[in-house]
Amino acid sequence: MKPFLPAALCLLAAPLAAQTDDEVEKARQAYNDGHWELALTVLIPAAEAGHPDAQNVYAIALKDGEGTEADPQAAIEWYEKAVAQGHQKAMNNLAHLYQWGVGDVAPDHEKARALYQQALDSGYGAAGNGMGLIYEYGQGVEKDLAKAAEFYAIGAEAGERNAAYNLANFYRTGQGVEEDMGKALEFYTESALAGHAPAWNAVGLFNQHGMVGEPNPEAAYLAFRMAVDGGLGLAGINLGEFVTATPGWWQDPVQGYGYCLWGINNASDSDRDGFIQTCEPLVEYLSVEEEDAAKRFAEGINAAD
C-alpha cells in the first residue's frame with residue numbers, strides 16, 4: 001500500500017520542471033502547516049527561477065532555520081531578490097529582520113524604517129505595525145507616541161492584528177491618543193477575532209470587570225477560554241481566578257486551580273514565580289483528591305493541540 005499524503009502535498013511529492021503560481025501557493029501553505037522540508041523541494045527551485053513568493057518563503061526558512069540550516073545573511077539576499085520585484089510581504093519581513101536583528105545580523109533601524117516606508121508607499125498597510133513600534137520605542141528616531149498611534153491605525157485598518165492590539169493598548173492607557181475605553185475594546189475585539197491570544201485575554205478582563213458597560217461574565221469566560229486555546233499562560237491564571245470566584249455555570253474551584261496550573265506550566269521564566277503566588281490561594285480549600293483532579297484537568301487542556 002502506498003503511504004498516504006495529504007491532498008495539498010501530493011503535488012509537492014512530484015518533481016517539477018517549472019513551478020506555477022498555484023504550485024508555489026500550495027507549497028507555501030504546506031510550509032505554513034509545518035511541512036518545511038517537503039515544501040522547500042518546490043520553493044527552492046521556484047525561488048532560483050525568480051518566483052518572488054517562493055523567494056520570500058525561502059528567506060523565512062533561512063531566517064528561522066525551518067527545513068534548512070539557519071542562515072540570516074542568505075535570508076537577506078533572498079528577501080532582497082523578492083523586494084526588487086516589488087513583493088510587499090518581503091519588504092515587511094526584511095524590515096522586521098533589520099528592526100530586531102537575528103543571529104549575526106545586528107539591528108539596523110534606518111534600513112528597517114526605509115523598508116517599512118517602501119511597503120506602506122506600495123499600499124501594504126500591515127507594515128504600519130512595524131513602523132508604529134519604531135516610533136513607540138524610538139528605534140533610530142525620536143520617540144513619538146502620537147505618530148506611533150497613527151501608524152498602528154494604518155496597520156489595524158489593513159487587518160494587522162498586532163497593530164490593532166497595540167492601538168487598543170494606546171486607547172486604554174491614553175498613550176499617543178486620548179483615552180477611550182470603548183475604542184480600546186473595539187480594537188481588542190478586532191485583534192482577538194483575528195486570532196490574537198493576548199487580545200482575547202484583554203476582552204475577558206473588560207467583560208469581567210465591566211470596563212465598558214455592565215460586567216458580562218459569560219463573555220469574559222468565553223474570551224479567557226479563547227486566550228487559553230491560544231496558549232497564553234496569563235489567561236490560564238485569569239481564568240483560574242474567574243472560575244473559582246465568579247458564580248455561574250462555569251464556577252468550579254477544581255477546574256479553577258487546574259487552569260491556574262496550566263497557566264504556570266505555560267508561563268515564561270520571568271512570569272512563573274508571580275503566577276505561582278497568584279495560584280496558591282486557589283488550592284487552600286481543596287482536598288487531596290480535588291487537587292489531583294485539578295492536575296489531571298490541567299494536563300488535559302489543549303491536549304489535542
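Predicted model: local features only at pLDDT ≥ 70, side-chain atom pairs only at ≥ 80, totals over all residues.
## Aromatic pairs

The structure holds 13 aromatic pairs. One of them joins Tyr58 and Trp78 in a tilted arrangement, with 5.4 Å from centre to centre and 55° between the planes. This pair links distant parts of the chain, since Tyr58 belongs to helix α4 (residues 52-64) and Trp78 to helix α5 (residues 72-84), 20 residues apart. Trp78 has a further neighbour in Lys81, which lies over the face of the Trp78 ring at 5.4 Å from the ring centre.

The rings of Tyr135 and Phe151 are stacked, because their planes meet at 15° while their centres are 5.7 Å apart. Here too distant parts of the chain are linked, with Tyr135 in helix α8 (residues 128-137) and Phe151 in helix α9 (residues 145-157), 16 residues apart. Both Tyr135 and Phe151 are buried.

Elsewhere, ring pairs link Tyr221, Phe224, Phe242, Trp249 and Trp250 into a cluster.

## The setting of helix α8

Helix α8, which carries Tyr135, is mostly covered, with nine of its ten residues buried. Among the buried residues of α8 are Gly128, Asn129, Met131, Leu133 and Ile134, as well as Tyr135 and Glu136. The elements that cover the buried residues of α8 include α6 (88-100), α7 (109-121), α9 and α10 (161-173), and α9 is also the helix that holds Phe151, the stacking partner of Tyr135. After α8 comes Gly138, whose phi is positive, near 65°.

Conventions. Residues numbered from 1 in each chain as written. Heavy atoms only, no water. Phe/Tyr/Trp six-rings, centres within 6.5 Å; stacked < 30°, edge-to-face > 60°. Helix = DSSP H or I, 4+ residues; strand = E, 2+ residues; numbered from the N terminus. Buried < 20%, exposed > 50% of the residue type's maximum accessible area, 1.4 Å probe, protein only. Lys NZ or Arg CZ within 6 Å of the ring centre and 35° of its normal. Contact = heavy atoms within 4.5 Å.
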